[in-house]
Amino acid sequence: MANEKKIDCVILGLLSHEELTGYEIKKRMDTVLRYFWSASYGSIYPALNDLVCRGLARKREDPGSKRNKLIYTITDHGRNYLKQWLTLPVEKDELRYETLLKLFFGNEQGVEQAITHIEAFEHKILKELPSLLNAEETLQKNLREDPTHKYYLLTIAFGIKSYAAYLEWCQEAKKLLTNRGE
């Protein structure tokens, strides 16, 4: 298990909730997981094939589909693999923002360009924050019906608090760059 690929575990985690096509897996990553994980079709489909070959997932054709859609399901072996992975210590949490990279080297372009990047970052956060708040509200309402929602709620709460901190940082960064507030 030391060499497991995270994409395998992400896919198995999604399949532990429901049967999905490769397209639906990508859609979940682009919506539900996008705040903390991403993957391309170029990594999802090879991983799905590998999971099937290893007996961790099963695939079948959707008989009602005109396009020979493949539906993937987690196997008992796959569920055990996922459960084992969940007990392992986290190997690496990382934060990678191109905005911060550009600010780190910002002295090459100056204050105006740095502020432009900060404001673009701020705009992105302000645009995404409402969907996190809506998700939090929905999960809170459905928590009694489905106790598994508390795990989703934890990730949403982390996102909301992170975004609030990002917005606060944006204000402080702009003040520092323009020498306002001194």
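Me: Rings of Phe, Tyr and Trp pair if their centres lie within 6.5 Å. In this predicted model, which residues form one aromatic cluster?

Reply: The cluster is made up of Tyr35, Tyr97, Phe121, Tyr163, Tyr166 and Trp169.

Me: How many aromatic pairs does the structure hold?

Reply: It holds eight aromatic pairs. One of them joins tyrosine 97 and tyrosine 166, with 5.6 Å from centre to centre and 80° between the planes. The pair links distant parts of the chain, 69 residues apart: tyrosine 97 is in the loop between helix H4 (76-87) and helix H5 (98-104), and tyrosine 166 is in helix H7.

Me: What makes the pair of phenylalanine 121 and tryptophan 169 edge-to-face?

Reply: The ring centres are 6.2 Å apart and the planes stand at 85°. The limit for the centres is 6.5 Å, and planes over 60 degrees apart count as edge-to-face, so the pair is edge-to-face. This pair also links distant parts of the chain: phenylalanine 121 is in helix H6 (residues 111-142) and tryptophan 169 in helix H7, 48 residues apart.

Me: Why is phenylalanine 121 called buried, and why is tryptophan 169 called partly exposed?

Reply: Buried means under 20% relative accessible area, and exposed means over 50%. Phenylalanine 121 has 8%, so it is buried. Tryptophan 169 has 30%, which lies in between, so it is partly exposed.

Me: How do you know that lysine 174 forms a salt bridge with glutamate 122?

Reply: Their closest N and O atoms are 2.7 Å apart, and the cut-off for a salt bridge is 4 Å. Lysine 174 lies in helix H7 and glutamate 122 in helix H6, so the bridge ties together parts that are 52 residues apart in sequence. Lysine 174 is buried at 11% relative accessibility, and glutamate 122 is buried at 10%.

Me: What separates glutamate 137 and lysine 141 along helix H6?

Reply: About one helical turn separates them, because they are four residues apart in that helix. Their side chains meet in a salt bridge of 3.3 Å, N to O. Glutamate 137 is partly exposed at 43% relative accessibility, whereas lysine 141 reaches 60% and so counts as exposed.

Me: What puts the charged end of arginine 54 over a ring?

Reply: The charged end of arginine 54 sits over the ring of tyrosine 81, 5.3 Å from its centre, and the limit for the distance is 6 Å. Arginine 54 is also linked with Lys5, Asp8 and Asp50 in a network of salt bridges.

Me: How many disulfides does a search of the whole structure find?

Reply: The search finds zero. For cysteine 53, the nearest cysteine sulfur is that of cysteine 9, 17 Å away. A disulfide needs two sulfur atoms within 2.5 Å, so cysteine 53 is in no disulfide. Cysteine 53 is exposed, at 70% relative accessibility, while cysteine 170 is buried, at 0%.

Me: Where is confidence lowest, and where is it highest?

Reply: Confidence is lowest in helix H2 (residues 22-31), at a mean pLDDT of 93, and highest in strand S2 (residues 70-74), at 97. The mean pLDDT of the protein is 92, and 96% of its residues reach 70 or more.

Methods
Residues are numbered from 1 along each chain as its sequence is written. Side-chain values use heavy atoms; hydrogens and water are left out. Buried means under 20% relative accessible area, exposed over 50%, partly exposed in between (1.4 Å probe, protein chains only). pLDDT is the predictor's confidence in each residue, from 0 to 100. Helices (H or I, at least four residues) and strands (E, at least two) are DSSP runs, numbered from the N terminus. Rings of Phe, Tyr and Trp (its six-membered ring) pair if their centres lie within 6.5 Å; planes under 30 degrees apart count as stacked, over 60 as edge-to-face and the rest as tilted. A charge sits over a ring if NZ of Lys or CZ of Arg is within 6 Å of the ring centre and within 35 degrees of the ring normal.
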